[in-house]
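Thank you all for coming; please have a look at the structure on the screen while I talk.

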Amino acid sequence: MSDSSFSPIKQARRSKIIDAAEHLFVTDGYRAVTMEGVARSVGMSKVTVYAYFRDKDALFDAVTSAIASDMQHAFDTALAGDGTIGDRIIASLIAKHAVVHHRVRKSRFASELFAVKNRANAARFQKLDLGFVAQIADALSSNGFAARDAQILADVLFASSQGIANAADSPAQMAAQIGMLSSLISDCDYPPK
C-alpha cells in the first residue's frame, strides 16, 4: 500500500514506523529487529504495526524504498544545481553515495543490511542505478558529448564512484575521491571542435 492511500495521520504514523525501523536495522542489524521491537520503539501496539506492514520483510522493503527515494532526490537536486556539467555530475554522485553512507554504511551491520537488500530488492536498486547512469549520459549528451561517448563516460563515472563509495572509510574520503573523477570529464575534448 502506498503512502497516498492513507490519511495524513496514517501517513505520519507509517513514516514514524519506517523511521524507527531504519534506526533499529542500522543499530541492531536485520536479524535482531522484530516487529514487536519496532512497535515498542514507536509506542504502538504490535497489531498497529502489522496493520501497516505484513512482516519484517515488508517493513525492510519500505525502509529501502525510502532510502532509494532520498538517493534519487539528492542526485536530482545536485545534477540540477549550479556549476559546470562536470561539477554537477560529480556533486550528484557524491550526494547519492552520501545518503547511503549516512544512513547505512556507517552501521556495524552494513554488510548484513546490504546482503538483505540485495536478496530482497536487487531489481529496484539495479533499475535505480541504471537510471542514474542514464541521467549522467543525458547530461553529458546535452553538453556536447557524442551519445556513445556520453554513455561510456557515464558508465565509467558511475562504476568508479560506486567502487570508491564501497571502499571509503568516511563521507569526506568518499567525496574527495569521487571529486577526483572530475578530471575524466574535464580531460575529454568537448564540445566537439
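This is a predicted model: local features need pLDDT of at least 70, side-chain atom pairs count only at pLDDT 80 or more; totals for chains, interfaces and linings use all residues.

Among contacts in the chain between residues at least 6 apart in sequence, what percentage join residues at least 24 apart? The answer is 67%, where contact means heavy atoms within 4.5 Å.

Residues are numbered from 1 along each chain as its sequence is written, and side-chain values use heavy atoms, with hydrogens and water left out.

Let us take the whole chain. Its secondary structure comes to nine helices and zero strands, where helices (H or I, at least four residues) and strands (E, at least two) are DSSP runs numbered from the N terminus. The C-alpha atoms fill a box of roughly 65 × 35 × 25 Å, taken along the principal axes. Of the 193 residues, 43% count as buried, and here buried means under 20% relative accessible area, exposed means over 50%, and partly exposed lies in between, with a 1.4 Å probe and protein chains only. The chain exposes about 10100 Å², of which carbon and sulfur atoms supply 55%; such accessible areas come from the Shrake-Rupley method with a 1.4 Å probe, and for residues only the protein chains shown count as cover.

Now to a pair of helices. Helix H1, residues 8-28, and helix H4, residues 56-79, pack at an angle of about 95°, with their axes 9 Å apart; the axes are lines fitted to C-alpha atoms, for helices over the stretch in contact, and angles run from 0 to 180 degrees between N-to-C directions. H1 and H4 are therefore roughly perpendicular to each other, since angles under 35 degrees count as roughly parallel, over 145 as roughly antiparallel, 65 to 115 as roughly perpendicular and the rest as oblique. Among the residues that meet are Ile-17, Ile-18 and Phe-25 in H1, and Leu-59, Phe-60 and Val-63 in H4. The residues of this contact divide into 10 nonpolar, no polar and three charged, with Ala, Val, Leu, Ile, Met, Phe, Trp, Tyr, Cys and Pro counted as nonpolar, Asp, Glu, Lys and Arg as charged, and the others, Gly among them, as polar.

Leu-113 and Phe-25 are 88 residues apart in sequence, and 7.6 Å apart in space from C-alpha to C-alpha. Not counting residues up to four places away in sequence, Leu-113 touches several residues, including Phe-25, Val-26 and Ser-107.

Where does Ser-107 lie? Ser-107 is in the loop between helix H5 (85-105) and helix H6 (110-141), and at 8% relative accessibility it counts as buried. The side chain of Ser-107 reaches the backbone oxygen of Val-26 at 2.6 Å.

Finally, Asn-121 is also found in helix H6, and it counts as buried at 6% relative accessibility. A polar contact of 2.9 Å joins the side chains of Asn-121 and Thr-64; a polar contact is a pair of N or O atoms within 3.5 Å, and within protein one must be able to donate a hydrogen and the other to accept it, while residues adjacent in sequence count only if both atoms are side-chain atoms.
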